[in-house]
Structure formats: C-alpha cells, structure tokens
Amino acid sequence: LRTVSASPRCALAGAAGGAAPGALHGGPGPGWRAGWWLYLERGAVVSDLQVGGYSSPESRNVLGAGDTRTWVGGMYAAILMRFASESEKSMWADVALRYGRARAVTGIAKSSEAGLRRLESYYLRYLGRGLDPAGQSTWLPYMSGAGDFRVPGFIGGSPEYWARAQVRFPYATLTTVVIDAAKPSDHSRLRATRALLQAYSPRTE
C-alpha cells in the first residue's frame, strides 16, 4: 500500500519555479527559490511572482536585449501566450518608462486575460481538454487571487480528474484504499494533494 502526503510548500515550489523561466529564459537557483517561497507563504500569488521576475533588469535584458518595446513583446508571449500588437507594445512601453517596469508588468500579469491563460493551462494539464464556459465562469474569478493554488485542488477533487488519473497514473490506484477509508470531508483534500504532486513531479508524457 502506498500513501501520498505533502505540505503546501510543494505547490509553492512549483509556482516559484514556474514564474522564472519565462522571465529569465532559465530556471531559478536555490537562493531564488528560497526567497520566493517565503514571499508566497506570506500571501503573495503567482502574478506577484511574475511582477517581481519580469520587472527585473535581467528580464529586460534577456527578453528585450535592452529595448523596452521588445521586452513588452516577450512578456506577452510568455504570460498571455500571444503576440503583442504594435499599439500594445507602445502603450506598455510608455507605462514602463513613465511609471516603472513593475507598473507595466502588473497591468499585464494581473489582467483577466492572464488569469484566463493560466486557467486554460490547468484544464489542459489536469483534465486533458479545453476550458468550457461553465468552468470559466466558475473558476476565473478565483484567478485574480489565490486561484493558482486553489483551483488545481478543486479540479483534483473532481470525478472527471479522478477517472482520468486512474488511466494516466496507475500508481494512483494504490492510494484508493487510503481515500476510501478516509472521512468524506478528507476526500477532496487527499485528491488535491495527489494532483499537486503529479503536476510538479517529473514525468514522461
């Protein structure tokens, strides 16, 4: 019998690691992770990590080669997963030059479009399908806050995810007895924990 257990730090580690590659074209080192873990544990969310990473001088140099408009285009590609129009590049470059890069990143990373892109990625990762209108109306409001930590848990506790996990992750069946023996109120928590472990563990698709 195999059991699964994890602390919320597992999810925080995945979020901290996921915010850096797009901003810096590389993964964060141990020191970077340690600092952002503390930041997340104190209440920061994924978009806050993106603001910190993308507003850095290193990000401007890596994504934009020192050019602000090119840097804005790189952020759009990484955060919104699309090309920025010329007018969008001009608008956010002007914001960055007038009020600082952090203001420009905040406007992009905390937009409803950015939240929608992250929500779509969770549906694709956990359920293997696109986001439906019902899911968008239910979960998108959460993405402006702690949705990146809560929504995967909700999805991981759903019957749809549970059925898919039995096929994708055979070892999950080994924990069935543990879940069945748990109190009903513990079921979603256990499944959410397993979902987070699977999401942030190396695997071969």
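Helices (H or I, at least four residues) and strands (E, at least two) are DSSP runs, numbered from the N terminus.

Figure 1. The protein has 13 helices and zero strands. This is a predicted model, in which local features need pLDDT of at least 70 and side-chain atom pairs count only at pLDDT 80 or more, while totals for chains, interfaces and linings use all residues. Residues are numbered from 1 along each chain as its sequence is written, and side-chain values use heavy atoms, with hydrogens and water left out. Of the 205 residues, 43% count as buried (under 20% relative accessible area; exposed is over 50% and partly exposed lies in between, with a 1.4 Å probe and protein chains only). Among contacts with a separation of 6 or more, 62% join residues 24 or more positions apart (contact means heavy atoms within 4.5 Å).

**Figure 2. Helix α4 and the residue that follows it.** Helix α4 covers residues 57–64, and its buried residues are S59, L63 and G64. Seen down the axis of α4, these buried residues fall within an arc of 90°, so they line one face of the helix (the arc is that of the directions from the helix axis to the C-beta atoms). Just after α4, A65 takes a positive phi of about 50°, although A65 is not a glycine. Most residues other than glycine have a negative phi. A65 belongs to the loop between α4 and α5 and is exposed, with a relative accessible area of 70%.

**Figure 3. Packing of helix α5 against helix α7.** Helix α5 (residues 68–80) and helix α7 (residues 101–109) pack at an angle of about 30°, and their axes are 10 Å apart (axes are lines fitted to C-alpha atoms, for helices over the stretch in contact, and angles run from 0 to 180 degrees between N-to-C directions). That makes α5 roughly parallel to α7 (angles under 35 degrees count as roughly parallel, over 145 as roughly antiparallel, 65 to 115 as roughly perpendicular and the rest as oblique). From α5, the contact uses W71, M75, Y76, I79 and L80, and from α7 it uses R101, A104, V105, I108 and A109. Nine of the contact residues are nonpolar, none is polar and one is charged (Ala, Val, Leu, Ile, Met, Phe, Trp, Tyr, Cys and Pro count as nonpolar, Asp, Glu, Lys and Arg as charged, and the others, Gly among them, as polar).

**Figure 4. M81 in the loop between α5 and α6.** Helix α6 spans residues 86–99. The phi of M81 is near 60°, a positive value in a residue other than glycine. M81 counts as exposed, at 54% relative accessibility.

**Figure 5. Crossing of helix α8 and helix α11.** The axes of α8 (residues 112–127) and α11 (residues 159–168) come within 9 Å and cross at roughly 50°. That makes α8 oblique to α11. On the α8 side R125, Y126 and L127 take part, meeting E160, Y161, R164 and R168 of α11. The residues of this contact divide into three nonpolar, no polar and four charged.

**Figure 6. P141 in the loop between α9 and α10.** P141 counts as exposed, at 55% relative accessibility. P141 and L116 are 25 residues apart in sequence, and their C-alpha atoms are 9.5 Å apart in space.
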